[in-house]
Amino acid sequence: MDIPYTVTPRPDTGVYNAKLGVWLFLASEVMLFGGLFSAYLFLRLAAPAWPGELVGHTYHHASEVLNVPIGTINTMVLITSSVTMVMAWASLMMKQFARFKLFLGSTILLGLVFLIIKAFEYHEKFSHHMFPAESTFLAVYFTLTGLHALHVIGGLIVNSYFWGPGSKMWQTQPERFTNRIEVAGLYWHFVDIVWIFLFPTIYLL
Amino acid sequence: MSDASHAEEMKRHVKIYQRVFFALAVLTILTVSVSYLHLPIIYAMIIALLIAISKSSLVASFFMHLISEKRAVFLVLTFTLIFLIAMFILLIGSYYEQEGVFLGGH
């Protein structure tokens, strides 16, 4: 039996099922990150100083601890990957499969670049004995950016599948495949939005 | 819709995506530049959040196609927003209550 409404919209919701499903999933993700953001705000309100004392020094701005230029570059990398993701979908809508491969491939590469830069930042912190247990600031930093990085890894796995073996569906069910890329994109853009809030609130404020 | 007009429509979309990308890049540079001014935390926070909300609205509206989405999706998002705000109010409220702001300083 075929799964219903993978291509045509369901009459009562007006959208195909996967789209509503992914939006519901994203709603739960909003609550997950929202809970952590509110915990961050709570901890920060109660902190006597922020970032405060870290491995023997007292800091007054997060930008003295975290590398803002590298964070900015990573923001640009993720924004660019969001554009290539939506372009991958647009290419399928225009029936240009080669272009789709190019754009989704770029999205995957940019995701990898983001993770490599993030790993470099983590290494930098660890080499200065800055671990999550050292301070509230570092606990918040590693929890939020770590969970975000896990989401990037999840997106990379899904996108890589659709770039590789999953793309065979284009030959048999092109419309269904286009919808799959659209909802994979919804998730990827959500991960981008989380970073759009993480970067200023953790690095800049 | 014929294939030709469909392709034309998508080309229009692609132009919009390019403009959104440009706007996101400019807003990123803006938010970083403002942070170097070291404004008082309350102003810095308001500006940073306004820029972040603008950026995420652009991503949600155009890349996630919310600008032309169906009612069911907005229904999900409305509930999400209500629960998110409720969670923030409960948590932050509990902090101020503990500080004695609501109960006149216990």
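**The lining of the largest cavity**

Guide: Sorted by class, the residues that line the largest cavity comprise five nonpolar, three polar and one charged, where Ala, Val, Leu, Ile, Met, Phe, Trp, Tyr, Cys and Pro count as nonpolar, Asp, Glu, Lys and Arg as charged, and the others, Gly among them, as polar. The model is predicted, and local features need pLDDT of at least 70, side-chain atom pairs count only at pLDDT 80 or more, and totals for chains, interfaces and linings use all residues. Residues are numbered from 1 along each chain as its sequence is written, chains are lettered from A and ligands numbered from 1 in the order in which they are written, and side-chain values use heavy atoms, with hydrogens and water left out.

A cavity here is a set of points, on a 1 Å grid over the protein atoms alone, where a 1.4 Å probe fits but cannot get out, and its lining residues have an atom within 4 Å of a point. The count comes to one cavity of 30 Å³ or more, and the largest cavity holds about 40 Å³ of space, a volume being the space filled by probe spheres set on points that are joined across faces, edges and corners. Its lining is made up of Met85(A), Val86(A), Trp89(A), Ile181(A), Glu182(A), Gly185(A) and His189(A), together with Phe63(B) and His65(B). Two or more of these residues come from each of H3 and H7 of chain A, helices being DSSP runs of H or I with at least four residues, and strands runs of E with at least two, numbered from the N terminus. The largest share, four residues, is that of H7(A).

One salt bridge is counted between the chains, a side-chain nitrogen of Lys or Arg lying within 4 Å of a carboxyl oxygen of Asp or Glu; Lys19(A) forms it with Glu69(B), the closest N and O atoms being 2.9 Å apart.

Methods:
1 Å grid on protein atoms, 1.4 Å probe; cavity = no way out; pocket = protein on both sides within 12 Å on 5 of 7 lines; lining within 4 Å.
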